[in-house]
Amino acid sequence: MRQNIDEGPELFIGLAAAVGTNLNRVVNKLDQVLQSVRYRMHEIRLATLLKELPSFRDKLVFEPDDKYLDTHMTVGNELRKATGRNDALSILAIGEVKKVRQESGATEGKALGRHAYVFRSLKHPEELKTLRKIYGNAFYLIAAYSPHDRRRDHLAHRIARSHNDTQTTNYFHEAERLMLRDLQELDLGYGQNLRDTYHRADIFLDTTNEEILSQSVSRFVELIFGNTLHTPTRAEYSMFHAKAAALRSAELGRQVGAAISRDNGDIVAVGTNEVPRAGGGLYWAGDKPDMREFGLGYDSNDENKRNLVGDTLNKLKEAGWLSPKQSMKDVSQLVDEALDGEKPVLSNQSLIRNIIEYGRAVHAEMAAIVEAARRGVSIAGCSMYVVAFPCHLCARHIVAAGVSRVVYIEPYPKSLAAELYPDSIKVESAGSTAEQVFFEPFVGIAPRQYIQLFEAGVRKDSKGNAILFDPSKADVRYFASERLYIDEEDLALKQLSSVVNGQGSLFGG
């Protein structure tokens, strides 16, 4: 029996995109597709909520566009710092959800039914963490991709128009500055941090082609509303294998996986970052002896970096290059202060901390290449799918092995691949040549949602006829208990309110 239009669970969707991305395309298509499944969409722009905070609104500038973006980033940072909560903006957005319910006539403490709330846009991983914690399976994050040059052009055009100027190129420098700031403010723990948010999405969309974007949004919505006749693309299948390989790594730093596949979707080889074992291959759980790094109790790369810093400081000390005050200290104390002090001289931004050469583990990309070599399988012309952007050590092996394309999800700031091999590697493929290896972001359903969204439901009726997807009768496959998440909403709002007590009304009115 068909449900009433107002019956059904609420849905929550976050958007993550670099500044300059045309998110209006995504929002408009989402609205259209959600209407087809009888859902009403409410767009909540996180940045605009700042003006409702009396203590912060006077610091905001609304035009021209470069000042608008700059001041909203700054005030967002100030809010996070003042509250001590990097999820403060997402909690303000939850307050808007409750306001929409109230204005729509929902009973106190009850959800609205077939309503979808779109949070535009998330810029910090703590914002995402809070929304996932509260809404569980009812929340999805969409990451919208646009190439660097297109984002710069789009943003510069916006800024120029807001200055009543027709010369877009005059604002390229300002657009680049804002794009870099949006990506990650490394010196601020409470700053913009899209880099650590974007790759945690449930789906990655390419906004550059409107027709493909439209198809992708429709497919995603249909998947979460139970269309089990959608199956994985070759890219989704390959990236899922890369993620599966990553999960067998016990490395102390992070888990990385790679899968090499042919154009027809066949998986040629997979690899993970793990310590090599004599005789070929890598250590597995249950091997005797098990000589993986956790058994040593420390990360060998980090240990060698400390030794490198210590050796350098010792030689500078012996040569009299250190100040008298610093020369009085033991080298071990100097190392601790340089790397682990309250204000370390060698912060995470220093080049020496980005050294990756001393790890014992074979990197995932190298492991996949070696596996193919051990089995005598050519990977020339194949694509490599990696959960993280390859480091420069792996990049040279990828180029030498004849891989034609690399697809990645997570960025890797330590990688110097593009800088060291500009003749052989082109990131995002723009202006690339046939002789270069394309490094491009993944587009499709993320591995974290692969099983949930592609696991088949009932596909045929009692007579054996295929059950085709009917949006007018569709319901979401997974949802959270409104009783639980409304309590969690109230708790989050209460906690934030107690922190900003004395700053006036949080949400206006």
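**View 1. The nonpolar cores.** The largest nonpolar core has 85 residues, and Phe12, Phe119, Tyr135, Phe139 and Met384 have the most contacts inside it. Helix α4 (residues 88-103) gives the largest share of this core, eight residues. Apart from it lies another core of 33 residues, among them Val118, Leu205, Leu213 and Val217. A nonpolar core here is a set of buried Ala, Val, Leu, Ile, Met, Phe, Trp, Tyr and Cys residues joined through side-chain atoms within 4.5 Å. Buried means under 20% relative accessible area, exposed over 50%, and partly exposed in between (1.4 Å probe, protein chains only). Helices (H or I, at least four residues) and strands (E, at least two) are DSSP runs, numbered from the N terminus.

This is a predicted model: local features need pLDDT of at least 70, side-chain atom pairs count only at pLDDT 80 or more, and totals for chains, interfaces and linings use all residues. Residues are numbered from 1 along each chain as its sequence is written, and side-chain values use heavy atoms, with hydrogens and water left out.

**View 2. Surroundings of phenylalanine 139.** Leaving aside neighbours within four places in sequence, phenylalanine 139 is in contact (heavy atoms within 4.5 Å) with Phe12, Ile13, Gly14, Phe119, Leu122, Leu128, Leu131, Arg132 and Asp202. Phe12 and Phe119 are also among the residues with the most contacts inside the largest core.

**View 3. Helix α1 against helix α9.** The axes of α1 (residues 23-36) and α9 (residues 210-224) come within 10 Å and cross at roughly 45°. Axes are lines fitted to C-alpha atoms, for helices over the stretch in contact, and angles run from 0 to 180 degrees between N-to-C directions. The two helices are therefore oblique to each other. Angles under 35 degrees count as roughly parallel, over 145 as roughly antiparallel, 65 to 115 as roughly perpendicular and the rest as oblique. α1 passes α9 in a right-handed crossing. A crossing is right-handed if the near helix is turned clockwise from the far one by less than a right angle, and left-handed if anticlockwise. From α1, the contact uses Arg25, Val26, Lys29, Leu30, Val33 and Leu34; from α9, Glu210, Leu213, Ser214, Val217, Ser218 and Val221. By class, that is seven nonpolar, two polar and three charged residues. Ala, Val, Leu, Ile, Met, Phe, Trp, Tyr, Cys and Pro count as nonpolar, Asp, Glu, Lys and Arg as charged, and the others, Gly among them, as polar. Leu213 and Val217 also belong to the core of 33 residues.

**View 4. Helix α10 against helix α18.** The axes of α10 (residues 234-246) and α18 (residues 447-454) come within 9 Å and cross at roughly 120°. That makes α10 oblique to α18. The crossing is left-handed. α10 contributes Glu236, Tyr237, Met239, Phe240 and Lys243, while α18 contributes Pro447, Tyr450, Ile451 and Phe454. These residues divide into seven nonpolar, no polar and two charged.

**View 5. Helix α15 and its cover.** Buried residues of α15 (residues 364-374) are Ala364, Glu365, Met366, Ala367, Ala368, Ile369 and Ala372. Their cover includes β6 (257-261), β7 (267-272), β8 (383-388) and α16 (392-401). α15 and α16 pack at about 30°, with axes 8 Å apart. They are therefore roughly parallel to each other, and their crossing is left-handed. Glu365, Met366 and Ile369 of α15 meet Leu393, Cys394, His397, Ile398 and Ala401 of α16. Glycine 376, with a positive phi near 70°, follows α15.

View 6. Arginine 292 is buried, with a relative accessible area of 8%. The peptide bond from lysine 288 to proline 289 is cis, with omega near -5°.

**View 7. Backbone details in other loops.** The peptide bond from arginine 120 to serine 121 is cis, with omega near -5°. Serine 121 is in the loop between β3 (115-120) and α5 (125-135). Arginine 38, in the loop between α1 and β2 (40-45), has a positive phi near 70°. Arginine 38 is buried, at 8% relative accessible area. Asparagine 164, in the loop between α6 and α7 (172-183), has a positive phi near 60°. Asparagine 164 counts as exposed, at 76% relative accessibility.
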